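Thanks for making the time this morning. I would like to take you through one structure, so let me put the sequence and the model on the screen.

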Amino acid sequence: MSVPDYMQCAEDHQTVVVVVQPMGIVPEEQFFRIYKRIASVSQVSIRDSQRVLFIRFRHHYPPENNEWGDFQTHRKVVGLISVTSCNTAKEWPQTSDRFHGQKEVFGSTLYDSRLLVFGLQGEVAEQQRTDVAFYPSYDDCPDVEKRVEDFVESIFIVLESKRLDRATDKSGDKIQMLCVPFEKKDFVGLDTDSRHYKKRCQGRMRKHVGDLCLQAGMLQDALVHYHMAVELLRSVNDFLWLGAALEGLCSASVIFHYPGGTAGKSGARKPSVSSAADAGKRHRPGAQEVLIDPGALTSSGISADTSAEIGRAKNCLSQEDIIEKYKEAISYYGKYKSAGVIELEACIKAVRVLAIQKRAMEASEFLQNAVYINLGQLSEEEKIQRYSVLSELYELIGFQRKSAFFKRVAAMQCVAPTIPEPGWKACYKLLLETLPGYSLSLDPKDFSKGTHRGWAAVQLRLLHELVYASRRMGNPGLSVRHLSFLLQTMLDFLSDQEKKEVTQSLENYTSKCPGGMEVISLPDGLKLPPVPFTKLPIVRSVSLLNLPVSLRPHKVKGLLGQGLSSASPFIYSPITMHSRGDERSKKIDFQWVQGDVCEVQLMVYNPMPFELRVENMGLLTSGVDFESLPAALSLPAESGLYPVTLVGVPRTAGNITINGYHTSVFGVSSDCLLEGLVGVKSSGCMVEVVPSLPRLQLCTSLPRSAHLSSEDLSTSVSLQLFNGETQQLTITLENIGTETLNTLELTSKTLSTKEKLFGEFLTWDLQDALSHLPLKSGQSVSIPVNISAKLDFSGQESLLNDLNDDGISVTGLPVSSPLRQVLKPRTENKPVGSDASKNEFNHVKTLEAVLTFKYSGGAGQVEGYYRELSLGVRVDVEPSVFFTRVSTLPATRMAIQVDKLDFDSMPVTDHDALRQATVRQQEEKRQQVQGGLINSTLDIHWTIISFTEASCPDNTIPNSFFLTLQC
């Protein structure tokens, strides 16, 4: 026997084989529809009996296997059902002859046969025959199942008669020698009168009767016959048949212990009546030895009355001893090269039993033995079937990786070089089935959950084979998907050279079939999810950037509380009600504006050993209509963290969520979601987009200053003035946005200074500018601003440097003291605020102020939003007059008697204000009061000469002049 039945199980020993075959031209679809209905009659309860006959239907059965029917009766074909089409009465004689010819193939073993004829009507079809059934069509055959049941009952009658004939054989010493095909030549010239020969015949016949009893539903009788056969065959060392007797004993015991079967089928067999009735006769484990009464044996070795043995024998093997007997039987089969199929099938049956008993290690030993059984020259199809069954059995006992190994071997066998037409589709399908055994999943999300599982080297090999098989199938899309999966999930296990080779292959594939994010559906229903390249490049952090200072929206103070929820009756609650979701769902505390360019910064890393080109990189958003402006970048090899800014424009207002980004790398387009990225730092990815606002650009008549006193300023200007001088600054505002400017406000703020300022520092008239509103896009308006610097330079300690003359001291008086050195003219090319300038003009004072433009318009104005534009103004103020020398002159008129100035009787300053002031401020206040008293008493006054170009013909202004002080 050369064709094994890999679906064999222990309970098949109690079945009879019925072959169902098409005859002539029968549509395949119609045949298998009838076959399915016939095969549904898998067991029949015999009328007037408590027994059940089980049937195995086969639509293909090798005739050489039928030759082993005497060795094991469940291999014998005892029934034949032929299905044929016959349309006319003229075709009937030929159809009948063909049916008889088909019966001759299994003629020596057939118990009965039936012919189902479809399509024939008329006089021939009206004939009443037991072996032929006529039906008008394949759709009109309501009693097929009933005819099959009658057919099975007729088989049972023949089976029961044969059992009784063999069990009650009274032919004396002349017992037929049963043999297998390869033994026939060994019995030529053998002494048939020897005791050894007779015992061999008796043992084999006893085993054969046990098979018939088991098929006929007499389980206990079968157990007794098997026990007796074992003893007889063991005594004559008939190892092949001894193994068959032991296997029959194991099968009967398995049927007894596991009425539901061991094949793992969805529809478990119903327990036979006899086995159910004998369930109470089970013995404890270990009570398996049989005690045979020698008196029960007749001279022929066969006793018709087995009731004595049934009553005295401990018939059924325990669950542990079933496996031991299987091992013994398989060891006997192994002695015969021609019994390889029997040995293989016995191993498979034992594994199925051990799988139910949860004894995986022992089952693996049987399977390991099955691997090395030599069955001779097998066809490629038989090899594929063998490895596939081994894989299924390993999976049955929980050896997932071993199962995957044999399934992969079966896949490689599908495309063996000896096959004229390699089955790449079958190879690909089997390779997909091996993935779970190697801890592989086609979903990349499974590889972002903790550490890597499985052997990376084996997984890489399997993925490469999937890529190659899909390419040979003519499906480049599958090749791109599997290669992308390999690169994404196995990147950490690839060498630098392998990374280059894989990426080159991927670029070659994508040049013909670009990769995308669509789900690929396979014909068998399997779906391949998309594979985003989240590691090309690797993103470490995501930050949403605020708008520039001049573009940030502000809410009108009176409207700040309108958007708050009124669900709580409390004005303030320390308990903040918020969702405990991911950090990425947090709302950021700044806003974006509709229609303005917004930025998101990513810190990325290139893990590849070569330059990585990323194309079409943009943002993935939800919540509002967002126009992403894609970017292209080139990252150097192993670049380290590299900042990348992605920009876009929100087209509608609302809450926008940054869900991720999209890229195109090596021809594969990827949508990378932030929730799928591991180790990404983010402070939140949701931000509010307010309605659109106008946008102003500020220009001034003065150059911009490189020194900004505050980071919040949009721009700044600087200039130099003499004390008391006024200069005009022209500010031009241009609407460069799309919205119309409706409102404009201008305020100023003088920054904290210790200098005393007289009058207004900045003045302007906004009425002319407001008259031009509303200001449409592209229009501009100018605003003149007057800058006046009036400071007090009196009483500076740096200027009072002991200016004494003729013994008269002026120290401490509230007048400007002269400088010892000659004052140099002001240079325009020196930067303001430099160290040289400070050393040269240490008397310069600085004033700083901020002009703030508040403006609004468009839909943002309706919602209460506005923008601010700030201009910083820095003025360096120099004294207008310096005293270079003080001299006293004789009076030209009569002196005035002046009483002693009484400084002690001056009004006292408020104590609270005095306590808050510093010592220097107190001293300055005292000097101002004293100076005022002296001026009012002496009536001191002077006139400063004004120098103009008209008064100086040579266009030179003198550095100094004389000033006469009168009092």
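Which residues does Leu544 touch, if we leave out those up to four places away in sequence? Please keep in mind that what you see is a predicted model. With that exclusion, Leu544 touches Ile588, Phe590, Trp592, Glu599, Val600, Ile658, Gly684, Cys685 and Val687. Leu544 also belongs to the largest nonpolar core, which has 81 residues, and together with Leu487, Leu536, Trp592 and Leu602 it touches the most other members. Apart from this there is a second, separate core of 70 residues, including Tyr226, Tyr332, Val353 and Ala370.

Staying with Leu536 for a moment, its peptide bond to Pro537 is cis, with omega near 0°, and Pro537 sits in the loop between β8 and β9. Another cis peptide bond joins Leu773 to Pro774, with omega about -5°, and Pro774 lies in the loop between α19 and β26.

Now to strand β1, residues 15-23, where eight of the nine residues are buried, so the strand is largely enclosed by the rest of the structure. It runs parallel to β3, joined by five bridges, with Phe54 as the bridge partner of Thr15. β1 also pairs in the parallel sense with β4 over seven bridges, and there Val20 stands opposite Ile81.

Asp48, in the loop between β2 and β3, has a positive phi near 60° and is exposed, at 86% relative accessible area. Phe666, in the loop between β17 and β18, has a positive phi near 55°, but counts as buried at 11% relative accessibility.

Notes. Residues are numbered from 1 along each chain as its sequence is written. This is a predicted model: local features need pLDDT of at least 70, side-chain atom pairs count only at pLDDT 80 or more; totals for chains, interfaces and linings use all residues. Side-chain values use heavy atoms; hydrogens and water are left out. Buried means under 20% relative accessible area, exposed over 50%, partly exposed in between (1.4 Å probe, protein chains only). Helices (H or I, at least four residues) and strands (E, at least two) are DSSP runs, numbered from the N terminus. Two strands pair if DSSP finds at least two bridges between them. A nonpolar core is a set of buried Ala, Val, Leu, Ile, Met, Phe, Trp, Tyr and Cys residues joined through side-chain atoms within 4.5 Å. Contact means heavy atoms within 4.5 Å.
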